[in-house]
Amino acid sequence: MINTAKEQQLALCPQCHKLNDLSYIADKEKKLRCARCHGKFYQRKPNSLQYTLAWNIAALIAFIPANLYPIMIIYSLGIGDPSTILSGIGQFVDQGLYPIAVIIFTASIIVPLLKIIGLFLLVYRVYTGVRLRPDKHSKFYHVLEFLGPWSMLDVFVVALLVAVVELGFVTSVAAGPAINYFTLTVIFTMFAANSFDPRLLWDKKQSIDGSKEENDK
Amino acid sequence: MKNKQLIACQQCDALYDKPELKQGQSAKCVRCGSVMAERKVDFIERSFNWSLAGIVLLMPAILLPIMGVTLAGQYNNASLLDCILVLIDRGFFMIASLVFLFAIAVPVVRLLGAFYITYSFKFNKLKPSLLSFFRAFHYLDNWAMLNVFMLGIVVSMYKLIDDTELSVNMGLMAFILWLISSTMASISLDPDYIWQELEDNFID
């Protein structure tokens with residue numbers, strides 16, 4: 001079994017990666033300050049699962065209006081044509097631009113949903129310890145973390161189109177209310193991923209293995 | 001002190017003896033496979049030069065128009081800054097401030113931060129305040145989205161190319177170069193080495 005920093009009364013600072021010796025700090029509940037960078041840190045993120053769950057639920061709620069309301073409205077000769085995230089993707093499919101349709105579909109639908117469902121799953125696995133595979137699950141977590149910012153794609157596209165297509169009565173583009181909700185979804189999923197502490201996966205695994213060995217004896 | 005010769009994996013908390021790394025080598029955790037420590041080659045020079053290039057490109061990338069459209073004899077173009085100004089004009093304050101944060105403020109602060117840190121190391125002007133400065137620098141790690149904005153430019157070009165006459169302006173060139181230099185500046189930086197040096201100089 002591998003030694004962890006926690007067992008040795010050491011704790012890693014998340015900013016500067018210094019190993020801090022906690023054995024001489026009596027009051028563990030007090031806010032800890034890193035000896036090197038003086039930043040706040042914890043041995044494990046406190047209430048990590050609860051925070052992840054809360055941000056996740058918020059993201060899920062914001063995701064509903066994000067898909068129902070139009071994300072942008074294209075005005076052409078004074079007539080407005082609203083499109084939602086999904087209908088915008090549909091237009092690309094109609095035009096035969098499949099690669100772009102796939103990119104937008106991935107960034108705006110698959111990635112947020114995958115993040116929300118994936119984090120729910122990780123929280124559940126850590127909480128119950130059922131079929132916990134820390135090696136697989138921590139890799140999965142890193143994929144989720146990496147993908148997060150790419151969901152902002154649609155927001156940037158709308159921002160660009162609104163600014164570029166500004167030809168008065170002939171044609172113009174306006175942003176729709178969905179863009180606010182969609183941005184909130186992305187921000188909330190990023191907070192959710194940041195709140196999750198992958199070290200909990202390994203902690204849980206080790207405590208399960210430990211109790212198994214005791215039972216065998 | 002027992003913790004001087006030890007290092008812990010950031011992802012799974014496994015504890016190891018501190019490896020002696022030469023430039024260009026990295027140490028991986030045997031349990032979860034993530035990189036724990038790395039010595040980057042000649043990073044002060046490289047990161048300094050890339051961030052200097054990024055600072056030169058900063059103004060053109062933000063202010064020059066990225067692309068323009070022509071339809072029925074009318075022409076309009078927009079720069080990165082215009083995107084934000086138009087959004088404010090239309091009342092989308094939250095989106096405007098977030099686009100400003102992710103596509104301008106955070107990348108600019110990171111770039112200036114990388115420049116300041118490598119400048120201080122290059123010319124040996126280390127100050128104790130660098131400790132808290134460099135810590136703040138790390139909080140911004142996840143929030144720079146220039147690469148996503150670049151993909152946004154490509155997608156909006158595809159959206160416009162069918163119905164309008166699309167023209168590409170100098171701003172796009174400047175933006176791409178800015179993206180490259182700021183990405184290179186942050187990946188060539190070696191935070192472990194910087195922290196170790198700062199600690200040896202100002203703590204103990």
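Domain bounds here come from an automatic or database domain assignment. With that in mind, let's walk through this predicted model, beginning with chain B. Its assignment gives domain 1, covering residues 1-39, and domain 2, covering 41-202. Taken over C-alpha atoms, the centres of these two domains of chain B are 31 Å apart. Where they meet, five residues of domain 1 of chain B are in contact with four residues of domain 2 of chain B. The domain 1 side of that contact in chain B consists of one nonpolar, two polar and two charged residues.

Now turn to chain A and look for its open sheet. Four strands make it up, in the order β6-β5-β8-β7 of chain A, with antiparallel pairing. At the edges stand β6 (79-83) and β7 (166-167) of chain A; each has a single partner strand, so one side of each is left without a neighbour in the sheet. The partner strand to follow next is β5 of chain A, residues 72-76, which is joined to β6(A) by five bridges and runs antiparallel to it. Within this pair, Met72(A) sits opposite Ser83(A) of β6(A). Packed on the sheet is helix α5 of chain A (residues 153-164), which touches β5, β7 and β8 (171-175) of chain A. The direction of α5(A) makes about 145° with that of β8(A).

Finally, bring the two chains together. Here 55 residues of chain A are in contact with 53 residues of chain B.

Notes
Residues numbered from 1 in each chain as written. Chains lettered and ligands numbered in written order. Predicted model: local features only at pLDDT ≥ 70, side-chain atom pairs only at ≥ 80, totals over all residues. Pairing = 2+ DSSP bridges. Helix = DSSP H or I, 4+ residues; strand = E, 2+ residues; numbered from the N terminus. Contact = placed C-beta atoms within 7 Å. Axes fitted to C-alpha atoms, helices over the stretch in contact; angles between N-to-C directions. Nonpolar A, V, L, I, M, F, W, Y, C, P; charged D, E, K, R; others polar.
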